[in-house]
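Please open the structure in a viewer and keep the selection tool at hand.

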Amino acid sequence: MGENYPSGTYHNHTTWSDGVYTPEQLVERAIQLGFTEVGITDHYLTLKGGINCVKSEQIADYISMIDQLRKKYLNTKILSSLEIDVSMFNLDRNNLPFDKLNKLDYVLFEYVDEQDVSLWAKTEMRRGKMLQIIQDVKRELEQTNKPEELESAIVKYIQEREDIQQALRDFEQTSGVLNLEDIIKMRKSLTCKVGLAHPNMENLIKIYGAEDLAKFLSENDIFVDVCGSARNSKKDYTDNKRGFVLNAENLSEEFNDAARSYGVKFSPSSDTHKDNERDSMKDTLNATQLIQINDWAFQEF
Ligand SMILES: [Zn+2]
Ligand SMILES: [Zn+2]
């Protein structure tokens, strides 16, 4: 591998989700920076931040858009992928359209085993629902000047609030973030390549242990996306030299050894949405370097 490994960047967003570049502009940017392989990895269905995302019924169009690009840029390997949110922001995460996803080159699962993201999702959803009720009641009050109508609006408000709180309680009981074991179960239905998007490796090592984590990833053919930009820094601004820590940097020797001996695969990326200081596509090279320094295996596409 090493020097012969193609220079690629495998996690990038376009205007199909929350990126600012059109797919064509994104490919042009990658070419400008000297990359010979570029992955287009827009968000699959998610409620996170109310962002734009690719829905199940749009996957076929998304893939034909990428096919068109391939015809235009014959010297660049353009890969099709979607990033799948496995937190509570994606209500579809237990019911993914595998047949459609299998037409992609790969999928990236984000927030695997990251419970804090699901807690955050719960709070955001609850706040969204409450804001909606308050707005509805306000609208009703504005139209009402009779006291009895005001009373019925208040009763309705209390009733609706209770209904929503019950719905939230039911929702909380039946859902949560997916963990690595859930992804391994899903892996059997996926014929495309599968990776974890900028996973919190320290967290995963804590949960599964260094050796077992490497074993699970390798045996189930799940690669690790290493994000070299500041966007998915493990800790912000702790390393004065570069100002951030990569999501797979400074892991234990035990994990590094296990990753080498089990042949866990890694792919370099920047998770580019804009291409500024935080998202810079050229920072993919930080990840490429980290993979090379550790003598880990590159995921091939
Ligand atoms: Zn995004
Ligand atoms: Zn992303």
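**A helix pair**

Begin by selecting L204, I205 and Y208 in α7, which meet A210, D212, L213 and F216 in α8; two residues are in contact if their C-beta atoms, placed from the backbone, lie within 7 Å. The residues of this contact comprise 6 nonpolar, no polar and 1 charged, where Ala, Val, Leu, Ile, Met, Phe, Trp, Tyr, Cys and Pro count as nonpolar, Asp, Glu, Lys and Arg as charged, and the others, Gly among them, as polar.

This is a predicted model, in which local features need pLDDT of at least 70 and side-chain atom pairs count only at pLDDT 80 or more, while totals for chains, interfaces and linings use all residues. Residues are numbered from 1 along each chain as its sequence is written, and chains are lettered from A and ligands numbered from 1 in the order in which they are written.

Next, display the whole of α7 (residues 201–208) and α8 (residues 210–219), whose axes lie 7 Å apart at an angle of about 105 degrees. Axes are lines fitted to C-alpha atoms, for helices over the stretch in contact, and angles run from 0 to 180 degrees between N-to-C directions. Helices (H or I, at least four residues) and strands (E, at least two) are DSSP runs, numbered from the N terminus. The two helices α7 and α8 are therefore roughly perpendicular (65 to 115 degrees).

**A strand residue**

Now select K77, which is placed in strand β3 (residues 77–85). Beyond its neighbours within four places in sequence, K77 contacts T36 and E37.

Methods
Angles under 35 degrees count as roughly parallel, over 145 as roughly antiparallel, 65 to 115 as roughly perpendicular and the rest as oblique.
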